[in-house]
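Dear colleague,

I am passing on the structure that we spoke about, and my notes follow below it. Please read them with the structure open beside you.

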Amino acid sequence: MRLWSIHPYYLDAKGLVALWREGLLAQKVLQGHTKGYKNHPQLTRFKNTTNPVGAIAAYLGFVADEAESRGYHFDRNKITDQRCTEKITITNGQLEYEFRHLLGKLKDRNPQRYARFKEVSEIRIHPIFNETAGNIEDWEIISHIK
């Protein structure tokens, strides 16, 4: 499961669809509707809000917005009607890690998109997050980046 902190704008079509599916799974987990993934590290930041289900719903709303801006249709009826306007803090170290991780995926999977974003110096973040200084988040599972 990867719930990107970077803006979904950077994702290719495959990544955007995967994010939608994983976000919907995260929503089920936070609602208590599934037994698996309950302790997945990617859920930590949502669990630490005052309204975890509302936070993931807001997250998914922005993913659906990005999909629509590209002409895709993600069924918004799958998003719970709970909403949370609380911002979640994310470190710039985490954002940089995720961006490098995505670039590694794009280099193989979508070279045109990789070329478009490889020189980005200011990373756009997902709208539910608020950037702060810091290293990679403690909950992140570090993987080898190409």
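Two remarks on the source come before the details. This is a predicted model, in which local features need pLDDT of at least 70 and side-chain atom pairs count only at pLDDT 80 or more, while totals for chains, interfaces and linings use all residues. Residues are numbered from 1 along each chain as its sequence is written, and side-chain values use heavy atoms, with hydrogens and water left out.

F46 is buried, with a relative accessible area of 0% (buried means under 20% relative accessible area, exposed over 50%, and partly exposed in between, with a 1.4 Å probe and protein chains only). Leaving aside neighbours within four places in sequence, F46 is in contact with L3, L30, P52, A55, I56, Y59, I88, I128 and F129, where contact means heavy atoms within 4.5 Å.

As for the chain as a whole, the protein has five helices and two strands, which run α-α-α-β-α-α-β from the N terminus on; helices (H or I, at least four residues) and strands (E, at least two) are DSSP runs, numbered from the N terminus. With 146 residues, a compact globule would have a radius of gyration near 15 Å, and the protein chain agrees with this because its own value is 15 Å; the radius is taken over C-alpha atoms, and the globule rule is 2.2 Å times the number of residues to the power 0.38. Along its principal axes the C-alpha trace spans about 40 × 35 × 25 Å. Buried residues make up 46% of the 146 residues, and among contacts between residues at least 6 apart in sequence, 79% join residues at least 24 apart.

The next residues to look at are M1, Y37 and Q42. M1 has its place in the segment before α1 (13–31) and is partly exposed, with a relative accessible area of 21%. Not counting residues up to four places away in sequence, M1 touches E22, L25, A26, Y37, H40, Q42 and L43. M1 and L95, for their part, are 94 residues apart in sequence and 16 Å apart in space, C-alpha to C-alpha.

Y37, one of the residues that M1 touches, is placed in the loop between α1 and α2, where Y37 is partly exposed with a relative accessible area of 44%. Please look at the backbone there, as Y37 has a positive phi of about 65 degrees although it is not a glycine.

Q42 is also found in the loop between α1 and α2, but Q42 is buried, with a relative accessible area of 3%. The side chain of Q42 reaches the backbone nitrogen of L3 at 3.0 Å, and a polar contact of 2.7 Å joins the side chains of Q42 and R45. A polar contact is a pair of N or O atoms within 3.5 Å; within protein, one must be able to donate a hydrogen and the other to accept it, and residues adjacent in sequence count only if both atoms are side-chain atoms. Beyond four places in sequence, Q42 is in contact with M1, R2, L3, W139 and E140.

T49 lies in the loop between α2 (44–47) and α3 (52–69) and is buried, with a relative accessible area of 9%. The side chain of T49 reaches the backbone nitrogen of N51 at 3.4 Å, while the contacts of T49, leaving aside neighbours within four places in sequence, are with A55, E86 and I88.

Finally, Y114 lies in helix α5 (residues 111–117) and is partly exposed, with a relative accessible area of 21%. Leaving aside neighbours within four places in sequence, Y114 is in contact with L103, L106 and K107. The C-alpha atoms of Y114 and L102, 12 residues apart along the chain, are separated by 8.8 Å.
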